[in-house]
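The following exercises concern one protein structure. Please study the sequence and the model before reading the solutions.

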Amino acid sequence: MTELVAPSDNELVAAVLQGDRLAANTLLERYQKLVFSVAYRIVMNRTDAEDLVQSIFIRVFGGLKTFVPGADFKSWLYTIAFNTSLNAQKQTKRQQAVARKAAAEAPQSDRTDPGASLMSTEAREVIESAIAQLPEEQRVVLHLRLREGLTHEEIAKIVKVPPATVTSRLFLARKKLERLLRNV
């Protein structure tokens with residue numbers, strides 16, 4: 001009896017470049033959760049992350065011609081997901097800064113209580129909140145290591161820093177999380 005072997009990423013990429021839509025769907029299904037996870041950890045908003053997944057895959061499929069055959073597709077995809085998500089987050093931060101400025105200029109009676117949205121007692125929300133307080137570079141490497149199981153070398157390629165920097169960022173992230181969660 002012959003076993004069916006799933007095609008490799010590089011085989012799927014070659015098929016997509018030949019116009020094979022089934023291969024494109026296979027790549028999408030294979031990496032959709034992973035890409036969502038990267039996007040969510042950066043933008044920290046489910047709806048925005050879902051929208052980003054679509055944008056990321058549009059960029060991926062549009063840029064397949066630039067993919068180097070034989071290279072690690074997963075790392076290439078992560079890099080696109082990471083950079084697209086970071087750009088989206090920066091844009092959101094700019095928009096939030098404009099909104100904060102407008103809120104600061106609004107009459108006092110129009111302002112809402114900023115602490116009202118922080119009244120959650122569930123452990124998961126507390127942990128997510130603590131993670132959200134980490135600096136961006138620490139939060140991203142922590143996510144890629146713990147949630148995605150990537151090695152320090154793989155993370156280093158994605159975020160374009162030396163592996164030692166990844167190790168340092170992970171250490172600092174864990175220490176800060178320890179402090180933040182100890183106070184809860």
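**Exercise 1.** By class, how many nonpolar, polar and charged residues does the lining of the largest pocket have?

*Solution.* The model is predicted, so local features need pLDDT of at least 70 and side-chain atom pairs count only at pLDDT 80 or more, whereas totals for chains, interfaces and linings use all residues. Residues are numbered from 1 along each chain as its sequence is written, and side-chain values use heavy atoms, without hydrogens and water.

Step 1: a pocket is an open set of points on a 1 Å grid over the protein atoms alone where a 1.4 Å probe fits, with protein on both sides within 12 Å along at least five of seven lines; lining residues have an atom within 4 Å of a point.

Step 2: 15 residues line the largest pocket, and Ile42, Val43, Met44, Asn45 and Ala132 lie nearest its centre.

Step 3: five of the lining residues are nonpolar, six polar and four charged (Ala, Val, Leu, Ile, Met, Phe, Trp, Tyr, Cys and Pro are nonpolar; Asp, Glu, Lys and Arg charged; the others, Gly among them, polar).

**Exercise 2.** State which residues Leu144 contacts beyond its neighbours within four places in sequence.

*Solution.* Taking contact as heavy atoms within 4.5 Å, one finds Val38, Tyr78, Gly149, Leu150, Ile155, Ile158 and Val159.

**Exercise 3.** Classify the ring pair of Phe67 and Trp76.

*Solution.* Step 1: rings of Phe, Tyr and Trp (its six-membered ring) pair if their centres lie within 6.5 Å; planes under 30 degrees apart are stacked, over 60 edge-to-face and the rest tilted.

Step 2: the whole structure holds six aromatic pairs. For Phe67 and Trp76, the centres are 5.1 Å apart and the planes at 65 degrees, so this pair is edge-to-face.

Step 3: ring pairs link Tyr31, Phe67, Phe73 and Trp76 into a cluster.
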